[in-house]
Amino acid sequence: MRLRAALVQLSGPVVLVAAAALLGTLVSHATQTYFINALVNVAIVVALYLFIGNSGVLSFGHISFVALGAWTAGVLSVPLSEKPAIMPQLFHFLRATTVGNVPSLALAAAVGGAFALVVGLPLMRLSGLAAGIATFAVLEITHNVLRYWEKIGPGVTTFSSVPETTGLLQASVAAVIAVIAAWAYQHSRFGRLLRATREDPAAARAVGVSVYRQRLIAFVLSGALAGFAGGLYVHLLPLNTETLYLDLTFITLAMLVIGGATSLLGAVVGALAVSGVDSFLAQAENGIHVAGVTLDFPAGTRIVVVGALMALVLILRPSGITGGRELSIPRRGRIRIEFGR
Amino acid sequence: MIASVLGIDWQTLADAVGLGSIYALMAVGIGLVFGVLRLVNFAYGQLVMAGAFALALSSQWNWPLWTGILLCFAVVIVLSLLMDRLVFRPLRGQSPAVMLVATFAVAFLLQSIALLWFGPLGKIATSLAFLNRPVTIGNVDIRKITFVATGTAVCCLVLLVLLLNRTNVGLHMRAAAMDFRTARLLGVRANRVIAVAVVISGVLAAIVAVMLTVQTPLVTPDFALDNTIVVLAGVVVGGMNRLVSATLGGFAIGFASGLLGGALPTNQSQYLPSFLFAAVILVLVIRPGGLFARSGQTAVERV
């Protein structure tokens with residue numbers, strides 16, 4: 001019975017991802033890019049959720065794992081013949097190696113996870129504001145180093161010549177993988193222990209849970225997922241260091257908070273809903289026709305609307321659209337007991 | 001020139017003190033609001049940005065200097081009161097993380113409104129450019145703004161200390177910062193104390209706007225964004241619990257980034273943020289409660 005409830009929980013996010021993917025097959029090629037982008041966003045936000053949602057600790061640093069994943073997959077999958085022209089100062093072993101699409105994604109995940117481990121070892125001792133600022137510092141350092149160190153990537157210039165292998169199929173499969181990974185984690189022993197530390201750190205410690213170790217495990221897993229998502233992202237569009245910095249940090253956090261930070265369903269709903277609004281406005285910035293009316297918003301409208309939306313949700317419904325709950329089917333004739341809150 | 005102290009020349013030292021002073025003022029602005037609301041205002045830099053745009057516009061309209069500064073103060077104070085009324089007040093009592101994310105949203109909102117309004121290229125504030133001219137002392141050139149910034153910071157801090165220690169409102173604010181609920185029970189009026197803190201923090205933001213436009217006359221929508229991130233790090237590194245330690249943290253990080261900027265060899269100066277933020281992480285890991293916090297009085301728990 002518990003397995004059934006768990007599967008019901010999994011079905012919500014998976015159905016949503018599948019619906020977005022199916023809808024994506026029906027639209028024109030140009031519009032399809034927005035759907036693929038939304039699915040990549042689902043992967044990033046699910047990665048964020050795995051750590052922030054389960055631990056209750058804020059991280060502003062996850063986009064650095066996305067960036068590192070993007071760099072790994074990008075550098076390793078540019079064709080050998082084009083590397084000297086685009087990235088002349090690359091380390092020799094990077095210049096001499098090129099891998100395919102799937103290995104590059106796996107390596108992106110591995111590098112993201114390894115970096116999260118290195119960063120997490122000292123930082124997972126921190127909570128609250130100190131954790132927020134320290135993870136922010138990680139983002140600043142990563143951005144700074146990737147921007148200027150041309151031995152490991154293209155530096156300030158935009159990644160070009162990365163094979164664009166992230167199509168609708170790859171993006172939806174990857175989003176489902178991310179969702180299943182997060183679901184499996186949160187139903188595992190580790191996920192439950194971490195959630196216990198979120199609800200009451202003192203009580204969790206009293207029954208022998210190591211808050212530090214549980215947070216570190218979640219941080220590494222979520223770093224690996226974020227790196228994986230970064231790999232997907234670089235195979236979708238030409239990126240540079242500025243795309244993987246404050247704006248992306250803001251918009252992915254907004255997605256998580258708007259959807260509801262404490263549930264997997266919330267992460268997916270938030271990612272898809274905000275991506276939808278965002279893509280609509282992006283098109284409106286270029287001018288579109290809706291129901292006989294021509295909409296033409298000035299550039300920058302997107303962030304105004306998303307920012308206002310996020311502030312409104314935080315004020316009116318601090319636990320997000322889903323209220324931080326997973327999908328469940330109430331059974332008749334039984335009393336439902338809800339714990340917490 | 002490159003003489004004396006640890007191979008750092010006097011000019012770098014003076015610039016570092018100037019930058020430290022400006023950052024200390026921002027730190028006070030952030031720390032005051034944190035004291036009464038337990039809210040880290042990420043949108044503080046956008047208040048400074050709004051003030052800077054007011055200065056730039058008034059210099060574009062050829063207004064006299066003092067009206068420009070007046071406009072700057074008016075814009076920043078009104079904006080900070082609005083922010084308090086529309087965002088901070090409904091969020092009162094939420095967890096610090098929720099409030100931090102909310103101010104993050106407000107910051108992006110204001111920045112993109114500025115982007116819509118003024119465009120990405122920004123405007124130039126020229127009215128105070130004369131403060132960039134150097135004064136020669138001995139054989140060292142020091143820009144006038146360094147003296148002005150340091151002097152203003154010292155004056156503001158002295159005034160603030162007097163306000164906090166010698167007036168009723170100051171007493172209420174200190175009480176509220178110590179324990180808001182108990183202070184309210186004893187008759188401190190919450191909204192009034194918060195409004196005073198918000199206004200003072202707005203005044204400081206306006207002063208910072210004036211100083212920063214002298215250093216960087218080109219005002220763009222992301223004006224003061226980087227500075228705010230650095231100051232926030234400085235405030236947390238210093239210790240958010242007390243205003244003094246937060247201010248010291250702000251000064252320290254400004255001073256350190258000024259010194260590092262002068263001390264790093266040119267081919268490594270682009271890595272300045274990395275060195276700075278690595279130091280931030282190091283300090284946070286060793287002393288999560290803050291560098292200047294009193295021992296045994298740590299607000300931030302270590303796991």
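Leaving aside neighbours within four places in sequence, which residues is A:I133 in contact with? The legends below refer to a predicted model.

**View 1. Contacts of A:I133 with chain B.** Apart from neighbours within four places in sequence, A:I133 is in contact with B:L232, B:A233, B:V236, B:V280 and B:L284. The residue sits in helix α7 of chain A, which spans residues 128-148. The relative accessible area of A:I133 is 11%. A:I133 therefore counts as buried, since the cut-off is under 20%.

**View 2. A:I133 and A:T165 in chain A.** These two residues are 32 positions apart along the chain. Their C-alpha atoms are separated by 36 Å. A:I133 belongs to helix α7.

**View 3. The cysteines B:C155 and B:C156.** The structure holds 0 disulfides over all chains. B:C155 is in no disulfide, and its nearest cysteine sulfur, that of B:C156, is 6.9 Å away. B:C155 is partly exposed, at 48% relative accessible area. B:C156 counts as buried, at 16% relative accessibility.

**View 4. Fold and dimensions of chain A.** The secondary structure of chain A comes to 14 helices and 2 strands. One of the helices is α7, residues 128-148, which holds A:I133. The C-alpha atoms fill a box of roughly 65 × 55 × 35 Å along the principal axes. The radius of gyration of chain A is 20 Å. This agrees with a compact globule of 341 residues, because such a globule would have a value near 20 Å.

**View 5. Packing within chain A.** Of the 341 residues in chain A, 55% are buried. Consider the contacts in chain A with a sequence separation of 6 or more: 78% of them join residues 24 or more positions apart.

**View 6. Surface and charge of chain A.** Chain A exposes about 14300 Å². Carbon and sulfur atoms supply 67% of that area. How many positive and negative side chains does chain A have? There are 22 positive and 13 negative side chains. The centres of the two sets lie 18 Å apart.

Note on methods:
Residues are numbered from 1 along each chain as its sequence is written. Chains are lettered from A and ligands numbered from 1 in the order in which they are written. This is a predicted model: local features need pLDDT of at least 70, side-chain atom pairs count only at pLDDT 80 or more; totals for chains, interfaces and linings use all residues. Side-chain values use heavy atoms; hydrogens and water are left out. Helices (H or I, at least four residues) and strands (E, at least two) are DSSP runs, numbered from the N terminus. The radius of gyration is taken over C-alpha atoms; the globule rule is 2.2 Å times the number of residues to the power 0.38. Buried means under 20% relative accessible area, exposed over 50%, partly exposed in between (1.4 Å probe, protein chains only). Contact means heavy atoms within 4.5 Å. Accessible areas come from the Shrake-Rupley method with a 1.4 Å probe; for residues, only the protein chains shown count as cover. Lys and Arg count as positive and Asp and Glu as negative; His and the chain ends are not counted. The place of a charge is taken as NZ of Lys, CZ of Arg, CG of Asp or CD of Glu. A disulfide is a pair of cysteine sulfur atoms within 2.5 Å.
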